[in-house]
Amino acid sequence: AGFRLVTAEFQLRQTAPDPLGAAVWIYADQDATSAAPLVVTMQSNGDGSQSLGLYNDTDPTTATPLAKATIPDAQMTTVRLIISPNADTVALFVRSTHRGTFGYQRRAIGGAKHPVVLKPAASGSAYGGVTVVAGGAG
């Protein structure tokens, strides 16, 4: 039967400099003891543009970069991740444009986690429209 595709879609932006910026954690491909923590970050570049990053949190102290994108303005940005547990891949879409499909690694997480975690709002951070849907063959 296999696992089902998971689609996570959300909006975020970062309009002021902040060391961490806006961040969304997705605990993908999760069972009782392990998951593939995926992190999407948004940083303000100080010139009205933003930098988006997709990371695989491969251990508690290391985030492996999977993709980066420059957003030319400070507007809210829609991000869609399509996660395929059977293939251990995540496809990244930014403002409806496919930015690539990347392999991820699972790691021990010490028990079940909420599937989506938003970093507490820092100065200039904003979030909106978080949706997670499971369905389809992965």
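Start by selecting Thr 58, which is found in strand S4; strands are DSSP runs of E with at least two residues, helices are runs of H or I with at least four, and both are numbered from the N terminus. Thr 58 is buried because its relative accessible area is 18%, where buried means under 20%, exposed over 50% and partly exposed in between, using a 1.4 Å probe and protein chains only. Now show what surrounds Thr 58: leaving aside neighbours within four places in sequence, Thr 58 is in contact with Thr 64, Gln 105 and Arg 107. Contact here means heavy atoms within 4.5 Å.

Before going on, a word about what is on your screen. This is a predicted model, in which local features need pLDDT of at least 70 and side-chain atom pairs count only at pLDDT 80 or more, while totals for chains, interfaces and linings use all residues. Residues are numbered from 1 along each chain as its sequence is written, and side-chain values use heavy atoms, with hydrogens and water left out.

**Zoom out to the whole chain**

Switch to a cartoon view and you will find eleven strands and zero helices. Of the 138 residues, 42% are buried. Among contacts between residues at least 6 apart in sequence, 58% join residues at least 24 apart.

**Into the core**

Next, select Ile 26, Leu 52, Leu 54, Leu 81, Val 90 and Leu 92, the residues with the most contacts inside the largest nonpolar core, which has 25 residues. Strands S1 (4-14), S2, S3, S4 (50-59), S5 (62-71), S6 (77-84) and S7 each supply at least two residues of this core. A nonpolar core is a set of buried Ala, Val, Leu, Ile, Met, Phe, Trp, Tyr and Cys residues joined through side-chain atoms within 4.5 Å. In soluble globular proteins, nonpolar side chains tend to be buried together.

Centre the view on Leu 54. Beyond four places in sequence, the contacts of Leu 54 include Val 39, Val 40, Pro 65, Leu 81, Leu 92 and Phe 102.

Then move to Ile 83 in strand S6, which counts as buried because its relative accessibility is 1%. Leaving aside neighbours within four places in sequence, Ile 83 is in contact with several residues, among them Arg 4, Val 6, Ile 26, Leu 38, Val 90 and Tyr 104.

**Two loops with a positive phi**

Most residues other than glycine have a negative phi, and most peptide bonds are trans. Select Asp 29, which has a positive phi of about 50° although it is not a glycine. Asp 29 sits in the loop between strand S2 (22-28) and strand S3 (34-44), and counts as buried because its relative accessibility is 12%.

Finish at Ser 96, another residue that is not a glycine, with a positive phi of about 70°. Look for Ser 96 in the loop between strand S7 (89-94) and strand S8 (97-103). Is Ser 96 buried or exposed? Ser 96 counts as exposed, because its relative accessibility is 62%.
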